[in-house]
Amino acid sequence: LYGPNIYNGIWYHIAITRASAVTRLYVNGQQYGGVFTDTFDYGSSNYLTFGTSGNSPGTPYNNYYVSNFRVLKGRALYTTTTFTVPTTTLTPIANSTFLLQTLNANTAFNDSSLSPFAGTLTNNNTVTFNANSPFGTTVGSYSFNGTNQRLNISSSSIITGDHSIEAWIYPTAQFTYPYASSTIICESNGTNTIAWALSLSASALTMQYQLSGVITTISATTF
């Protein structure tokens, strides 16, 4: 299934939600790829990782900006085929478990959620704050250099039951040969076994789940 073209140098709102075991992927408020039935709870030993495919150094890394990353536990915020994408900084609404508002360089890595989980955000190789954002000059974003930078969120305990994950992403450069794709955000365990990953490839934005070694692709949008 194919959606809108995605290019470098443009902000895109990405959302992943699960409601009553049904997972959906949205790009700019539009659902793509149908649905994926998933009753598996991924547990507290896993990591959420931005920038590469695992909580340990992995390749390839991704060149992109990320702004306003929010996680809701116990709530699927978007369940219809379309919704109106927020036009201002995300706020700590009910069920917010993790929220990085990227307001300024001093608070960019602070969790602003209402009910923070007992996890740790680790900035590996100095992911930096910059002024580029989807909302003009009022906030900023994280800048990943595509070489060695990643953000890890340990002991997440958040991908259980109903949940929502959303952020704005801004690709800045394509990955290079010999890699077929690069990961925007994934969940993995301590041995880099991927539970799910949202990745960029030469032709698609792809959402994949892996259970017991079986990989299921639930969406693809063309570049």
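Reader: Where does Gln-31 lie in this one?
Author: In this predicted model, Gln-31 lies in strand E3, which covers residues 30-37.

Reader: Is Gln-31 buried or exposed, and why?
Author: Gln-31 counts as buried because its relative accessible area is 15%, and buried means under 20%.

Reader: And which residues does Gln-31 touch?
Author: Leaving aside residues up to four places away in sequence, Gln-31 touches Arg-24, Leu-25 and Tyr-26, as well as Thr-80 and Thr-81.

Reader: Switching topic, how many cavities of 30 Å³ or more does the structure hold?
Author: The structure holds one cavity of 30 Å³ or more, and the largest cavity has a volume of about 90 Å³.

Reader: Which strand gives the most to the lining of the largest cavity?
Author: That is E11, with four residues, although strand E1 (12-19), strand E11 (163-173) and strand E12 (181-188) each supply at least two residues of that lining.

Reader: One more thing, what is phi of Asn-68 near?
Author: Phi of Asn-68 is near 50°, a positive value in a residue other than glycine, whereas most residues other than glycine have a negative phi. Asn-68 sits in strand E5, residues 63-73, and is buried, with a relative accessible area of 0%.

Reader: Where is Asn-125, then?
Author: Asn-125 is in the loop between strand E7 (120-124) and strand E8 (128-130); its phi is near 65°, also positive, and at 43% relative accessibility Asn-125 counts as partly exposed.

Methods. Residues numbered from 1 in each chain as written. Predicted model: local features only at pLDDT ≥ 70, side-chain atom pairs only at ≥ 80, totals over all residues. Heavy atoms only, no water. Buried < 20%, exposed > 50% of the residue type's maximum accessible area, 1.4 Å probe, protein only. Contact = heavy atoms within 4.5 Å. 1 Å grid on protein atoms, 1.4 Å probe; cavity = no way out; pocket = protein on both sides within 12 Å on 5 of 7 lines; lining within 4 Å. Points joined across faces, edges and corners; volume = space filled by probe spheres on them.
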